[in-house]
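Colleague: Could you walk me through this one? I'm new to reading structures.

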Amino acid sequence: MSLRLHFHPLSSFAQKVLVALYENDTPFEPKILQAGDEGAAAELRELWPIGKFPVLQDLARDSLIPESTIIIEYLAQYFPGNSVLIPTDADLARQTRLRDRFFDLYVNMQMQKIIGDRLRPAGQKDPFGTEEARKTLQTAYGLVDSAMAAKHWATGDTFSMADCAAAPALFYADLVEPFRQTHVHVAAYLDRLLARPSFARAFKEAEPYRSLIPK
């Protein structure tokens, strides 16, 4: 097996990559990094000194690919399948990349700021930072709500890398800054994402770890 993925099933950025892999039934070896496993963490840092996952290894090409978007770009180039996650049309590809970055930066990262603050010890909380993150999320929800009023997927009728990014980002964001009562088109879009077999699979695989999410 050529591909090995270093990840944790609960990670939103890892789920983004898993959705891309499952969309095209791309075979890979899972290397799950359990919390507290210093040996696995050290192995990851040896490969990628930043120490963040997901990280993909292509053993056949002796290639190391970090960062979720770049991993999906790599899969699209070397392991294409029936689900074309990055359009061949240059304009559509640019729009897909824009929406991918939007969900990463303005939904996923903001959600992670809020959850990360819950893990901080007493006396080291960041109420200003979390409030700013909530404001950014609300702005992002408004933009997504308008965009999804007349679309099925992020770029139109075809599932893409942008939807891979949106699925875990919106699911976790709804836990920390709920939107179902205020942004009905975002809620309907998330329901479509949850029903997508690729995300449903990644979502189910994360279930045993969901108790680790701080309340």
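Colleague: In what order do the elements of the protein run from the N terminus on?

Modeller: Helices (H or I, at least four residues) and strands (E, at least two) are DSSP runs, numbered from the N terminus. There are 8 helices and 4 strands here. Written from the N terminus on, the order is β-α-β-α-β-β-α-α-α-α-α-α.

Colleague: What is the radius of gyration of the protein?

Modeller: It's taken over C-alpha atoms, and the globule rule is 2.2 Å times the number of residues to the power 0.38. For 215 residues that rule gives 17 Å, and the protein comes close to it, so it is as compact as a globular protein of that length, with a radius of gyration of 17 Å.

Colleague: How far can I trust this?

Modeller: This is a predicted model, where local features need pLDDT of at least 70 and side-chain atom pairs count only at pLDDT 80 or more, while totals for chains, interfaces and linings use all residues. Residues are numbered from 1 along each chain as its sequence is written, and side-chain values use heavy atoms, with hydrogens and water left out.

Colleague: Is Q138 buried, partly exposed or exposed?

Modeller: Q138 sits in helix α5, residues 127-148. Buried means under 20% relative accessible area, exposed over 50%, and partly exposed in between (1.4 Å probe, protein chains only). Q138 has 31% relative accessibility, so it counts as partly exposed.

Colleague: Which residues does Q138 touch?

Modeller: Contact means heavy atoms within 4.5 Å. Leaving out residues up to four places away in sequence, Q138 touches E177 and H183.
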